[in-house]
Amino acid sequence: PPTPSMPPKRGNPAPRASSDAGMPRAFAPGFLSRGRDSAKDLRARLEAAHEALRDVAQGDRQRLGDLAAALGDDDLLHHTHRAVRLLVACCAAEILRIYAPDAPFSDDQVKSIFAVMASQLKAIAPGADADEEHLLALELLTSLAEVKSAVLLVDFMEESAEDVDIFVAMIVNLLDAITPAQPGRVSACVVEVVCSVIEEMGELPPAVGDVILARLLPSYAAAHPAGAEAARSIVCRCVRPLADHLCARLRSVLATSSGAKADSRAAAGDLGAGESDDESQAGDDEEAAADSGDDAGSEASVGAADPSTAAGAARKQ
């Protein structure tokens with residue numbers, strides 16, 4: 001039986017016979033639409049849908065269109081009850097498994113679904129939620145690791161920084177939630193989810209590289225030892241894209257440092273030039289004063305040497 005630490009391992013599901021006569025009621029049109037007035041009733045219907053989806057083989061897409069459409073509805077994805085959102089995320093993960101490598105959702109729905117998944121993965125932390133929710137979150141993590149459905153985010157991240165934030169939130173919640181007390185397979189699933197997305201990227205977004213490298217710092221390792229160990233595993237597996245990111249960061253730092261030094265030298269040069277100008281002006285003023293004194297002295301000498309001038313001055317007095 002499953003324990004609160006980890007759900008049973010998921011293997012490749014064997015094909016199962018299916019018939020319309022034996023169609024689970026959860027796949028009936030409008031099944032999720034009829035229980036939305038009560039969170040309790042909606043939760044029960046989502047649990048029934050999740051249980052039924054577990055038994056569907058990958059590729060057996062028949063009869064799932066109505067349920068998939070309902071799971072992509074904003075009212076469900078942004079429901080006020082956390083348990084409802086977690087069940088929606090788990091059901092959506094099963095739909096993505098069955099439809100892989102495609103997805104029966106619009107682009108906006110895919111992004112909303114992964115945003116909900118990213119927020120609900122915090123529940124993998126032991127003791128953060130009730131055992132049932134903890135197990136559901138671990139099952140969601142296992143599905144993401146085995147199906148690699150999060151790679152659907154890659155195309156979106158290449159087009160929009162906002163979509164990068166979804167993956168960054170997923171990384172943060174996963175690395176911050178795991179603990180040394182959990183089985184090693186939990187950490188392995190976390191590493192698999194993150195690396196499977198990074199390995200599909202043409203170029204690593206700076207925000208993704210930053211959030212991983214920041215979890216190598218001693219201060220983070222002291223508070224989250226399991227998260228820091230998982231981050232090291234991610235770096236070792238995805239060494240090339242992360243090394244390129246680190247080199248780019250170092251070049252940016254060096255360029256900034258060089259620019260600062262150049263600005264400092266320019267400022268020092270401007271200051272020196274200003275001081276030279278002041279000294280030059282002071283010298284000019286001193287020369288002007290000296291010339292003025294010489295002129296006055298010359299006039300006095302001329303007056304003293306010219307008797308008529310002295311007589312004229314005496315008569316005026």
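This is a predicted model: local features need pLDDT of at least 70, side-chain atom pairs count only at pLDDT 80 or more; totals for chains, interfaces and linings use all residues.
1. **Fold.** The protein chain has 14 helices and zero strands. Of its 317 residues, 38% count as buried. Among contacts with a separation of 6 or more, 74% are between residues 24 or more positions apart. The chain exposes about 16800 Å², and carbon and sulfur atoms supply 54% of that area.

2. **Link from α1 to α6.** The salt bridge count is 17. One of them pairs glutamate 132 with arginine 43, with the closest N and O atoms 3.5 Å apart. Glutamate 132 sits in helix α6 and arginine 43 in helix α1, so the pair ties together parts 89 residues apart in sequence. Glutamate 132 is partly exposed at 42% relative accessibility. Arginine 43 is partly exposed too, at 26%.

3. **Link from α5 to α8.** Lysine 111 forms a salt bridge with aspartate 163, at 3.7 Å between the closest N and O atoms. The pair links helix α5 to helix α8, 52 residues apart. Aspartate 163 counts as buried because its relative accessibility is 8%, under the 20% limit.

4. **Within α13.** Aspartate 244 and arginine 240 meet in a salt bridge at 3.4 Å, N to O. Both lie in helix α13, four residues apart, about one turn of the helix. Aspartate 244 is partly exposed at 41%, whereas arginine 240 is exposed at 61%. Elsewhere, shared partners join Lys148, Glu192, Glu199 and Arg237 into one salt-bridge network.

5. **Negative patch.** Asp107, Asp155, Glu158 and Glu159 gather in a patch of negative charge on the surface. Glutamate 158 lies in the loop between α7 and α8. Its relative accessibility is 53%, so glutamate 158 counts as exposed.

Key. Residues are numbered from 1 along each chain as its sequence is written. Side-chain values use heavy atoms; hydrogens and water are left out. Patches are made of residues with over 30% relative accessible area and no salt bridge: like charges are joined within 9 Å, nonpolar side chains (Val, Leu, Ile, Met, Phe, Trp, Tyr) within 5 Å. Accessible areas come from the Shrake-Rupley method with a 1.4 Å probe; for residues, only the protein chains shown count as cover. A salt bridge is a side-chain nitrogen of Lys or Arg within 4 Å of a carboxyl oxygen of Asp or Glu. Lys and Arg count as positive and Asp and Glu as negative; His and the chain ends are not counted. The place of a charge is taken as NZ of Lys, CZ of Arg, CG of Asp or CD of Glu. Helices (H or I, at least four residues) and strands (E, at least two) are DSSP runs, numbered from the N terminus. Buried means under 20% relative accessible area, exposed over 50%, partly exposed in between (1.4 Å probe, protein chains only). Contact means heavy atoms within 4.5 Å.
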